[in-house]
Amino acid sequence: MVEVSPLWAVVAVAALATVASFAAALDGALVGRAAGHSALTGARTPVVELARLLRQRRRGTVAADVLLWRIGTGGLVVVALLMLAVVPLGRWTLADLSVGIVWFNTMDVLVWALVWLAGWGPNSFHALAGGYRFLAQALAYELPLMFALTAPAVGAGSLRVADVVLAQQDLWFGVWMPVAFAVYCLSVVGFSVWGPLAPAVGADLAGGVLVEVSGVDRLLVLAGRYALLTAGAAFAVPLFLGGGAGPLLPAWTWVLVKTVVLVAALVAVRRRVPSLRPDRFVEVGWLVLLPAVLAQVLVVSIVVVTG
Amino acid sequence: MGLSSLLARWGVAGAHVLVVESPGSWLTRATVERALERRGWRTALSPADADLLVVCGQPGDRLAEIVEQTWDLLPGPRTRVQVEHAEHVEPMLDAARAGLLDEQGQRQDAARRPLAPPRLEEGTQAESADDGDMGGMVGDDMDDMDDMDMSGPAGIALAGGESDRDGLEMDVLHVPLGPVLPHWPPGLVLWCTLQGDVLTAAEVDVLASSAPAPRGSAGPQVARRLDAAVDLLALAGWQAAAGEVRALRDGLLVNGPDPGPDGAAPIQQVHDKVARSRTLRWALRGLGHLDGPTDGPTDGPPDSATDGSAVPAGLAGDVYDRLLALLSAAGDALDRAPEVDRTPVLRLLPELVVGLDVAAARLVVASLGPWQLAALPVAAGGGRG
């Protein structure tokens with residue numbers, strides 16, 4: 001694994017923006033087709049929304065906590081980029097940290113603070129209730145996510161992402177750790193405030209965390225959600241899907257292809273499943289997901305020790 | 001043509017629209033929603049997300065005042081139109097589009113308005129503590145201010161404390177839900193006392209229209225019930241199903257009910273699909289239980305809200321039962337059930353929602369639809385205006 005110059009971060013930003021835009025276009029196409037338009041018309045949604053929000057004024061509220069509000073709304077994109085820093089693109093990586101998996105975990109915990117701050121900032125009941133909803137949901141998915149990240153680390157005997165990729169030369173971790181992979185994907189949906197795990201921005205709270213956000217701030221939050229979805233999917237590739245392994249194409253292409261396919265799957269889920277209300281999802285998180293993923297880690301440990 | 005007019009033309013292609021419905025104007029609102037969908041526009045969930053404010057029907061004085069306050073909350077560029085008849089929708093939306101593209105006018109509008117809301121001076125009449133919140137736009141909520149400390153930021157009253165349901169001290173907030181709230185009964189205001197997001201008390205109020213609904217504005221009952229189901233499914237976060245039911249509703253409104261023997265088949269299909277979802281059942285089961293009119297008052301669960309005699313037919317059971325009833329009644333009794341005035345239900349509402357969190361309370365309110373509200377009778381009490 002080659003650690004490249006930090007200047008290559010520009011390429012990472014471009015790749016993230018491209019795949020996230022693809023995700024937004026795909027979502028727009030699905031929504032557009034459901035509304036009776038052509039998929040192509042719907043796919044223009046990100047461009048239209050970009051133009052609309054760039055033109056819209058940013059609106060304040062009475063006694064808003066502006067600094068914390070801006071940190072919350074602007075931080076999601078930054079966190080997604082920092083997650084991407086430890087994802088190897090074929091042979092190259094921006095940061096070959098010895099604790100890359102822990103780094104990713106730290107970044108996803110930062111999302112707790114950011115979403116809550118975005119809800120706290122505007123001094124609005126619906127926004128704050130949305131922020132607290134996200135915390136309740138995060139309590140349900142975070143521990144299962146931590147153990148889901150532990151499983152590949154145990155399997156590879158290392159917290160370095162490059163080592164995890166090397167350990168999957170024969171068999172992808174996603175294949176023989178299906179529970180960990182499934183829990184990981186669910187958690188990506190969770191920290192991206194997406195689909196069934198989006199009650200924090202739900203219609204019943206008039207948009208929740210998003211209720212008072214307008215203009216470029218709204219653009220940053222919406223882009224941040226797609227960026228998190230993309231970064232989460234990209235990190236699944238070295239962790240569960242064999243990194244750049246694949247026939248014919250060069251390794252970096254395979255990383256991109258796998259990321260795009262997983263993002264598309266996560267986008268497609270959005271409209272199909274009803275919301276999981278946080279108070280009920282906590283039960284699932286602690287009584288089903290956590291025991292299941294602990295059992296997964298146990299199985300992995302036994303295989304590693306005996307094999 | 002500069003960059004700004006290019007942005008304007010692109011942006012307006014996907015305008016977000018906040019729709020306010022005055023009681024009795026649901027057909028107009030449904031027509032607006034259909035027109036928006038055809039144009040590729042979206043409905044906004046809150047004023048901050050909206051470029052365009054569409055008022056359906058003729059709001060009474062109190063609702064009109066709140067519409068004005070809502071208008072102030074649109075960030076801009078912004079336009080507003082009032083649509084009183086379904087046939088006026090298209091020309092009105094065309095005019096709104098032109099208004100959004102009128103850069104000169106938008107610039108003048110922006111110059112007239114400050115970017116941040118004015119700071120409230122200490123000692124002046126603070127609006128309710130959640131000003132800027134879309135539910136908090138009714139500015140005359142002074143009844144509960146006596147016991148509040150007004151020294152908070154920007155002269156906003158600080159929340160008082162009180163013991164919560166576990167006996168721990170917790171802040172008490174007074175937040176009105178409605179009347180400008182998506183998927184909410186038109187004209188209804190629920191004055192909530194909240195600890196966290198749990199309702200500890202609630203009072204109902206109705207902001208009526210200034211004119212009675214014109215003749216023929218009731219529309220087909222099947223479509224009306226499907227419309228109520230759309231609200232409930234959207235609140236439950238199941239957008240695909242909500243979209244399907246809305247398409248069925250629009251089909252009925254445009255083409256009329258299919259007279260053939262299979263006229264109800266598509267509705268039955270959606271009913272079956274919704275009934276198959278375990279996630280939905282798991283989310284809605286047990287919420288807002290009401291005893292049916294024929295059940296004895298003794299055999300209901302202890303938390304059932306009230307004696308069964310006051311519960312209108314079709315509302316018995318929990319939120320999940322009522323959702324399926326909305327879809328199946330639509331299926332098998334094409335247009336024979338009479339219009340039900342929901343005003344009596346308001347009396348049950350506070351007891352039903354107290355103790356629930358906002359999400360659950362919203363689901364309960366939506367499940368009692370289709371909402372048809374006349375002005376609040378004095379007996380129901382709780383009105384503040």
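**Where the two chains meet**

The contact draws 48 residues from chain A and 54 residues from chain B. On the chain A side, the elements that give two or more residues are α3 (45–55), α6 (125–156) and α12 (278–306). Of these, α3(A) gives the most, with eight residues. By class, the chain A side has 21 nonpolar, 14 polar and 13 charged residues. Keep in mind that this is a predicted model.

Let's stay with α3(A). How many of its eleven residues are buried? Eight of the eleven are, so the helix is largely enclosed by the rest of the structure. The buried residues are T45(A), P46(A), V48(A), E49(A), A51(A), R52(A), L53(A) and R55(A). What covers them? From chain A, the cover includes α1 (9–34), α2 (39–43) and α10 (215–240). From chain B, it includes α1 (3–12).

**One residue in chain A**

Now a loop. V86(A) sits between α4 (66–84) and β2 (92–93) of chain A. Is V86(A) buried or exposed? It has 24 C-beta neighbours inside 10 Å, and the cut-off for buried is 20 or more, so V86(A) counts as buried. Which residues does V86(A) touch, leaving aside neighbours within four places in sequence? The contacts are T93(A), A95(A), L97(A), G100(A), W103(A), F104(A) and V161(A). As for L229(A), it lies 143 residues from V86(A) along the chain, and their C-alpha atoms are separated by 16 Å.

**The parallel sheet of chain B**

Over to chain B. Here is an open sheet of four strands, with parallel pairing and the order β2-β1-β3-β4. At the edges are β2 (42–43) and β4 (79–83), each pairing on one side only. Strand β1 (residues 16–21) of chain B pairs with β2(B) over two bridges, in the parallel sense. Within this pair, H16(B) stands opposite R42(B).

Helix α2 (residues 26–39) of chain B lies across β1, β2, β3 (52–56) and β4. α2(B) runs at about 170° to β1(B). Then there is helix α3 (residues 61–73) of chain B, which packs on the sheet and touches β1, β3 and β4. Its direction makes about 165° with that of β3(B).

**The antiparallel sheet of chain B**

Chain B also has an open sheet of four strands with antiparallel pairing, in the order β5-β6-β7-β8. Which strands stand at the edges? They are β5 (160–163) and β8 (198–206) of chain B. Each has a single partner strand, so one side of each is left without a neighbour in the sheet. From one strand to the next, the twist averages 30°.

Take the pairs in turn. β5(B) and strand β6 (residues 169–177) of chain B are antiparallel, over four bridges. S163(B) has E169(B) as its bridge partner in β6(B). For G160(B), the partner in β6(B) is V172(B). The hairpin of these two strands has five residues between them, and there G167(B) takes a positive phi near 80°.

Next, β6(B) pairs with strand β7 (residues 188–195) of chain B, antiparallel again, over five bridges. In this pair, H174(B) stands opposite T193(B) in β7(B). As a reminder, side chains in a regular strand alternate between the two faces of the sheet.

That's the tour. Over to you for questions.

Technical notes
Residues are numbered from 1 along each chain as its sequence is written. Chains are lettered from A and ligands numbered from 1 in the order in which they are written. This is a predicted model: local features need pLDDT of at least 70, side-chain atom pairs count only at pLDDT 80 or more; totals for chains, interfaces and linings use all residues. Two residues are in contact if their C-beta atoms, placed from the backbone, lie within 7 Å. Ala, Val, Leu, Ile, Met, Phe, Trp, Tyr, Cys and Pro count as nonpolar, Asp, Glu, Lys and Arg as charged, and the others, Gly among them, as polar. Two strands pair if DSSP finds at least two bridges between them. Axes are lines fitted to C-alpha atoms, for helices over the stretch in contact, and angles run from 0 to 180 degrees between N-to-C directions. A residue is buried if 20 or more other C-beta atoms lie within 10 Å of its own, exposed if 12 or fewer, and partly exposed in between; C-beta atoms are placed from the backbone.
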